[in-house]
Amino acid sequence: MEPFLSLAHLTVLDLPPPAVIRVAAEAGCRAVGLRLLPVAPGAAGYPLQDDPTLLRETQAAMAATGIAVADLEIVMLRPETRVADFLPFFEAGRSSARSMCWSPATIRTRRG
(Lines give C-alpha, C1' and ligand atoms only; values in the text may rest on other atoms or scores of the structure.)
Protein backbone atom coordinates (compact mmCIF):
# COMPACT_ATOMS: atom_id res chain seq x y z
CA MET A 1 0.00 0.00 0.00
CA GLU A 2 1.24 3.47 -0.89
CA PRO A 3 2.09 5.56 2.19
CA PHE A 4 -0.26 8.40 3.09
CA LEU A 5 1.72 11.60 3.51
CA SER A 6 0.24 14.91 4.60
CA LEU A 7 2.18 18.17 4.78
CA ALA A 8 1.64 20.05 8.04
CA HIS A 9 1.26 23.79 7.54
CA LEU A 10 3.64 24.34 10.46
CA THR A 11 6.53 23.08 8.30
CA VAL A 12 6.01 25.93 5.81
CA LEU A 13 4.11 28.41 7.95
CA ASP A 14 5.29 31.41 5.95
CA LEU A 15 3.36 30.13 2.90
CA PRO A 16 -0.33 30.86 2.30
CA PRO A 17 -2.64 27.85 1.80
CA PRO A 18 -2.53 27.73 -2.03
CA ALA A 19 1.28 27.58 -1.94
CA VAL A 20 1.20 24.92 0.80
CA ILE A 21 -1.01 22.81 -1.45
CA ARG A 22 1.34 23.20 -4.44
CA VAL A 23 4.40 22.33 -2.32
CA ALA A 24 2.61 19.25 -0.99
CA ALA A 25 1.80 18.10 -4.52
CA GLU A 26 5.38 18.60 -5.64
CA ALA A 27 6.62 16.64 -2.62
CA GLY A 28 4.34 13.68 -3.36
CA CYS A 29 1.95 14.25 -0.46
CA ARG A 30 -1.73 13.41 -0.75
CA ALA A 31 -3.04 15.98 1.73
CA VAL A 32 -2.22 19.06 3.79
CA GLY A 33 -3.14 20.52 7.13
CA LEU A 34 -3.96 24.23 6.99
CA ARG A 35 -3.54 26.75 9.79
CA LEU A 36 -6.53 29.06 9.57
CA LEU A 37 -6.37 30.43 13.10
CA PRO A 38 -3.23 31.64 14.87
CA VAL A 39 -2.04 29.65 17.85
CA ALA A 40 -1.45 32.92 19.77
CA PRO A 41 -2.08 36.62 19.20
CA GLY A 42 0.21 37.86 16.45
CA ALA A 43 1.12 34.34 15.30
CA ALA A 44 0.65 33.16 11.72
CA GLY A 45 -2.78 32.16 10.54
CA TYR A 46 -4.52 32.28 7.17
CA PRO A 47 -8.20 33.01 7.86
CA LEU A 48 -9.90 31.55 4.79
CA GLN A 49 -13.18 32.13 6.60
CA ASP A 50 -12.59 35.89 6.38
CA ASP A 51 -10.98 36.08 2.94
CA PRO A 52 -13.17 34.85 0.05
CA THR A 53 -10.41 35.46 -2.49
CA LEU A 54 -7.90 33.34 -0.56
CA LEU A 55 -10.56 30.65 -0.07
CA ARG A 56 -11.23 30.52 -3.84
CA GLU A 57 -7.49 30.40 -4.59
CA THR A 58 -7.10 27.56 -2.08
CA GLN A 59 -9.99 25.61 -3.59
CA ALA A 60 -8.53 26.15 -7.08
CA ALA A 61 -5.14 24.82 -5.94
CA MET A 62 -6.85 21.78 -4.42
CA ALA A 63 -8.75 21.12 -7.65
CA ALA A 64 -5.64 21.56 -9.80
CA THR A 65 -3.43 19.27 -7.72
CA GLY A 66 -5.84 16.70 -6.27
CA ILE A 67 -4.48 17.48 -2.79
CA ALA A 68 -7.02 17.04 0.01
CA VAL A 69 -7.20 18.87 3.32
CA ALA A 70 -6.60 16.49 6.21
CA ASP A 71 -7.07 18.96 9.04
CA LEU A 72 -7.70 22.59 9.90
CA GLU A 73 -5.84 24.35 12.69
CA ILE A 74 -6.11 25.48 15.35
CA VAL A 75 -8.98 25.51 17.81
CA MET A 76 -8.00 25.70 21.44
CA LEU A 77 -10.69 24.60 23.84
CA ARG A 78 -10.75 26.43 27.12
CA PRO A 79 -13.42 26.77 29.79
CA GLU A 80 -14.48 30.11 28.26
CA THR A 81 -14.57 28.79 24.67
CA ARG A 82 -17.78 29.50 22.81
CA VAL A 83 -18.07 26.99 19.99
CA ALA A 84 -20.41 29.34 18.10
CA ASP A 85 -17.46 31.73 17.73
CA PHE A 86 -15.80 29.12 15.51
CA LEU A 87 -18.71 28.65 13.11
CA PRO A 88 -17.02 30.69 10.32
CA PHE A 89 -13.90 28.51 10.75
CA PHE A 90 -15.98 25.35 10.39
CA GLU A 91 -17.89 26.85 7.45
CA ALA A 92 -14.61 27.49 5.63
CA GLY A 93 -13.84 23.80 6.05
CA ARG A 94 -17.31 22.75 4.96
CA SER A 95 -17.13 24.89 1.83
CA SER A 96 -14.34 22.61 0.65
CA ALA A 97 -16.06 19.44 1.86
CA ARG A 98 -15.67 17.60 -1.43
CA SER A 99 -11.92 18.05 -1.07
CA MET A 100 -11.72 17.46 2.66
CA CYS A 101 -10.77 14.11 4.10
CA TRP A 102 -11.11 12.87 7.61
CA SER A 103 -8.93 9.79 7.59
CA PRO A 104 -6.47 7.95 5.34
CA ALA A 105 -9.16 5.31 4.79
CA THR A 106 -11.48 7.96 3.38
CA ILE A 107 -8.84 9.13 0.93
CA ARG A 108 -8.03 5.58 -0.15
CA THR A 109 -11.71 5.07 -0.87
CA ARG A 110 -12.10 8.35 -2.75
CA ARG A 111 -8.82 8.32 -4.68
CA GLY A 112 -8.53 4.63 -5.44
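Which residues form a nonpolar patch on the surface? Val83, Leu87 and Phe90 do, and together they have about 290 Å² of accessible area. The model is predicted. The secondary structure of the chain comes to four helices and three strands, and along the sequence the pattern is β-α-β-α-β-α-α.

**Chain as a whole**

- The chain has 112 residues, of which 35% count as buried.
- About 6500 Å² of the chain is accessible surface, and carbon and sulfur atoms account for 59% of that area.
- Among contacts in the chain with a separation of 6 or more, 68% are between residues 24 or more positions apart.

- Three strands make an open sheet with the order 1-2-3 and parallel pairing.
- Strand 1 (6-7) and strand 3 stand at the edges with a single partner strand each, so one side of each has no neighbour in the sheet.
- Two bridges join strand 1 to strand 2 (residues 31-35) in the parallel sense.
- Leu7 has Val32 in strand 2 as its bridge partner.

**Helix 1 and its surroundings**

- Helix 1 (residues 17-27) packs on the sheet and touches strand 1 and strand 2. The direction of helix 1 makes about 155 degrees with that of strand 2.
- The buried residues in helix 1 include Pro17, Pro18, Ala19, Val20, Ile21 and Ala24.
- Strand 1, strand 2 and helix 2 are among the elements that cover the buried residues of helix 1.
- Leu13 is in the loop between strand 1 and helix 1. Leaving out residues up to four places away in sequence, Leu13 touches Arg35, Ala44 and Tyr46.
- The C-alpha atoms of Leu13 and Leu34 are 9.1 Å apart in space, and the two residues are 21 residues apart in sequence.

**Thr58 in helix 2**

- Thr58 lies in helix 2 (residues 52-65).
- Thr58 counts as buried because its relative accessible area is 1%, and the cut-off for buried is under 20%.
- Apart from neighbours within four places in sequence, Thr58 is in contact with Pro17, Pro18, Ile21, Leu34 and Leu48. Of these, Pro17, Pro18 and Ile21 are buried residues of helix 1.

**Salt bridges**

- Side chains of opposite charge can pair when their charged atoms come close. The count of salt bridges in this model is two.
- One of them joins the side chains of Glu73 and Arg35, at 2.8 Å from N to O. Glu73 is in strand 3 and Arg35 in strand 2, so this pair ties together parts that are 38 residues apart in sequence.
- Is this pair buried or exposed? Glu73 and Arg35 are both buried. For Arg35 the relative accessible area is 8%.
- Arg35 also has other contacts: not counting residues up to four places away in sequence, Arg35 touches His9, Leu10, Leu13, Ala44, Gly45, Tyr46 and Glu73.
- Another salt bridge joins the side chains of Asp85 and Arg82, at 3.5 Å from N to O.
- Asp85 is partly exposed, at 47% relative accessibility. Arg82 is exposed, with a relative accessible area of 53%.

**The cis peptide bond**

- Which peptide bond is cis, with omega near -10 degrees? The bond from Glu73 to Ile74 is.
- Most peptide bonds are trans.
- Glu73 lies in strand 3, and Ile74 lies in the loop between strand 3 (68-73) and helix 3.

**Leu87 in the surface patch**

- Leu87, one of the residues of the nonpolar patch, is in helix 3 (residues 87-94).
- Leu87 counts as exposed because its relative accessibility is 52%, and the cut-off for exposed is over 50%.

Key. Residues numbered from 1 in each chain as written. Predicted model: local features only at pLDDT ≥ 70, side-chain atom pairs only at ≥ 80, totals over all residues. Heavy atoms only, no water. Patch = residues over 30% accessible without salt bridge, like charges linked within 9 Å, V, L, I, M, F, W, Y side chains within 5 Å. Areas by Shrake-Rupley, 256 points an atom, 1.4 Å probe, with all protein chains shown as cover. Salt bridge = Lys/Arg side-chain N within 4 Å of Asp/Glu carboxyl O. Buried < 20%, exposed > 50% of the residue type's maximum accessible area, 1.4 Å probe, protein only. Contact = heavy atoms within 4.5 Å. Pairing = 2+ DSSP bridges. Axes fitted to C-alpha atoms, helices over the stretch in contact; angles between N-to-C directions.
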